[in-house]
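The following paragraphs lead the reader through one protein, from its pockets to its core and then to individual residues. Please keep the sequence and the model in view while reading.

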Amino acid sequence: MKKFTVTQLLTAILIVVTGFSLYSCNSDGPDIPPVKLEDVNGNYKGRLITIQGNVKTEKIKDFKVKKDTITFAEFPIQEIVRTVIKDPAKADEAVKTIGKVKYNIKYTSSINTASNVVELSLAPKTLEIRIPVDGVLKKTEVALASKQKGFYVGMDESLRFALVAEKITVDGMVLGSYEAINYNFPFCVKN
């Protein structure tokens, strides 16, 4: 029977320890828990990119998500008002006069287990605004739509969705020469 020397024993131990450490590296990785429908709920702050024709603006917007509704305490109406009122100074004055416009978007949600996201099917309703123009209030109805699903990504707790103002009606007359207003929320995070 051969005798092990101290060097051979230490080499054998080193090989065994190295094998265990390499094996444990294979199982390491981020533990991403599966997303749940309730994870969408919360207060969000997000980047809003508004595009109308060649004009693109960016601002930060706050909103809340509960059970089946996205709620804006202050929906962005500046582009809508500027579409109705062509004079920029009068349009800005009208926006100040109108103040904050609250708007709710209903949605249904489902879990996409393959991607670990919650998919949101948005069902926006018509937005109604009374726009003051030269001492007269013009009843303005904005037909909002969602052409794609929204997503809540559980890994970074972010929400992404988009809306488009497809049609604007003022006092019962549809605006003819109108470029759609796109409201894109590409990355919103919980507060």
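Which element gives the most to the lining of the largest pocket? Helix α2 does, with 4 residues. Before the details, two remarks on the basis of the description are in order. This is a predicted model, in which local features need pLDDT of at least 70 and side-chain atom pairs count only at pLDDT 80 or more, while totals for chains, interfaces and linings use all residues. Residues are numbered from 1 along each chain as its sequence is written, and side-chain values use heavy atoms, with hydrogens and water left out.

The largest pocket has a volume of about 290 Å³. Its lining consists of 14 residues, and those closest to the centre are Q52, V55, E79, R82 and T83. Two or more lining residues come from each of β1 (42–52), β2 (55–66) and α2 (78–84). By class, the lining holds 3 nonpolar, 6 polar and 5 charged residues. In this classification Ala, Val, Leu, Ile, Met, Phe, Trp, Tyr, Cys and Pro are nonpolar, Asp, Glu, Lys and Arg are charged, and the others, Gly among them, are polar. A pocket is defined on a 1 Å grid over the protein atoms alone, as an open set of points where a 1.4 Å probe fits, with protein on both sides within 12 Å along at least five of seven lines; lining residues have an atom within 4 Å of a point. Grid points are joined across faces, edges and corners, and the volume is the space filled by probe spheres set on the points.

The second largest pocket contains about 170 Å³ of space. Among the residues that line this pocket are K59, K61, E74, F75 and K100. Its lining divides into 5 nonpolar, 2 polar and 4 charged residues.

The overall fold comes next. The protein has 3 helices and 11 strands, taken as DSSP runs numbered from the N terminus (H or I, at least four residues, for helices; E, at least two, for strands). Along the sequence these elements follow the pattern α-β-β-β-α-α-β-β-β-β-β-β-β-β. Of contacts (heavy atoms within 4.5 Å) between residues at least 6 apart in sequence, 59% join residues at least 24 apart. The accessible surface comes to about 12100 Å², and 56% of this surface belongs to carbon and sulfur atoms; the areas come from the Shrake-Rupley method with a 1.4 Å probe, and for residues only the protein chains shown count as cover.

Of the 191 residues, 33% are buried, where buried means under 20% relative accessible area, exposed over 50%, and partly exposed in between (1.4 Å probe, protein chains only). The largest nonpolar core has 42 residues, of which F63, I70, F75, L127, I131, L159 and Y183 touch the most other members. Strand β9 (residues 158–170) supplies the largest share of this core, 6 residues. Such a core is a set of buried Ala, Val, Leu, Ile, Met, Phe, Trp, Tyr and Cys residues joined through side-chain atoms within 4.5 Å. Beyond its neighbours within four places in sequence, I131 has contacts that include V81, V84, I85, A94 and I98.

Several strand residues show how separate parts of the chain meet. G46 is found in strand β1 and counts as buried because its relative accessibility is 3%. Although G46 and F187 are 141 residues apart in sequence, their C-alpha atoms are 5.9 Å apart. Leaving out residues up to four places away in sequence, G46 touches K59, I60, K61, F187 and C188. N182, in strand β11 (residues 181–190), is partly exposed because its relative accessibility is 28%. The C-alpha atoms of N182 and V164, 18 residues apart in sequence, are 4.4 Å apart. T169 lies in strand β9 and is buried, with a relative accessible area of 12%.

Most residues other than glycine have a negative phi. N116, although not a glycine, has a positive phi of about 55 degrees; N116 lies in the loop between β4 (103–112) and β5 (117–124) and is buried at 18% relative accessibility. E157 likewise has a positive phi, near 50 degrees. E157 belongs to the loop between β8 (150–153) and β9, and is partly exposed at 42% relative accessibility.
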